[in-house]
Amino acid sequence: MKIVSIALSTRKGTRKQAVPAARLLREHGLEGDAHAGDWHRQVSFLASESIAAARGKGLSVDFGDFAENIATEGVDWVSLPIGTRVRLGREALVEITQIGKTCHRKCAIYYQAGDCIMPREGVFGRVLEPGEIRNGDTVRIETHRPPVDAKEPAP
């Protein structure tokens with residue numbers, strides 16, 4: 001499992017521009033990204049396999065076109081439960097806070113690409129530990145925490 005693309009944008013609702021490396025800031029997100037801030041969707045993830053599937057349906061899309069911050073290879077993001085902690089590179093640690101999202105209106109990405117997979121396949125998180133990340137860095141699933149309302153199994 002690895003990072004294959006890192007992308008940033010200065011405005012929300014636009015395609016992001018690929019960068020070779022970026023810094024994740026604690027409780028903020030990617031330095032310089034419009035979606036970073038003091039909220040639960042500080043950084044967004046999308047599987048490169050999802051982007052490839054969109055291409056297979058005839059969409060002319062690339063990394064950053066769905067406004068994802070980090071595209072990965074080998075991670076099934078939508079199968080990870082909320083609360084899962086993911087190590088990016090050597091230092092950064094992100095906790096998954098949301099799977100998918102509600103789009104209240106069609107954004108520029110939808111009109112430019114013809115579809116947006118982020119509402120179905122995008123995953124969002126908050127930065128617990130800061131760090132520099134680069135394309136090619138490993139992605140490690142550190143923990144799966146059960147939801148707060150989950151019950152312990154019966155003995």
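Two strands are taken to pair if DSSP finds at least two bridges between them. Strands themselves are DSSP runs of E with at least two residues, helices are runs of H or I with at least four, and both are numbered from the N terminus. The model looked at here is predicted, so local features need pLDDT of at least 70 and side-chain atom pairs count only at pLDDT 80 or more, while totals for chains, interfaces and linings use all residues. Residues are numbered from 1 along each chain as its sequence is written, and side-chain values use heavy atoms, with hydrogens and water left out.

Strand β3 (residues 21-25) and β10 are joined by four bridges and run antiparallel to each other. Within this pair, alanine 21 sits opposite arginine 134 of β10. The whole open sheet has three strands, in the order β4-β3-β10, with antiparallel pairing. Its edges are β4 (29-30) and β10 (131-134), each of which pairs on one side only. In general, strands of a sheet pair through backbone hydrogen bonds, either parallel or antiparallel.

The loop between β3 and β4 holds glutamate 27. Phi of glutamate 27 is near 55 degrees, a positive value in a residue other than glycine. Most residues other than glycine have a negative phi. Glutamate 27 counts as partly exposed because its relative accessibility is 24%; the cut-offs are under 20% relative accessible area for buried and over 50% for exposed, with partly exposed in between (1.4 Å probe, protein chains only).

Next comes helix α1 (residues 48-56), whose buried residues are Ser48, Ser50, Ile51 and Ala54. These four lie on the same side of α1, because they cover an arc of only 160 degrees around the axis, the arc being that of the directions from the helix axis to the C-beta atoms. Just after α1, glycine 58 has a positive phi of about 95 degrees. Further along, the loop between α1 and β6 (70-73) contains alanine 67. Here too phi is positive in a residue other than glycine, near 65 degrees for alanine 67. Alanine 67 counts as buried, because its relative accessibility is 11%.

Finally, there is the surface. Isoleucine 99 belongs to strand β8 (residues 92-99) and, with a relative accessible area of 34%, is partly exposed.
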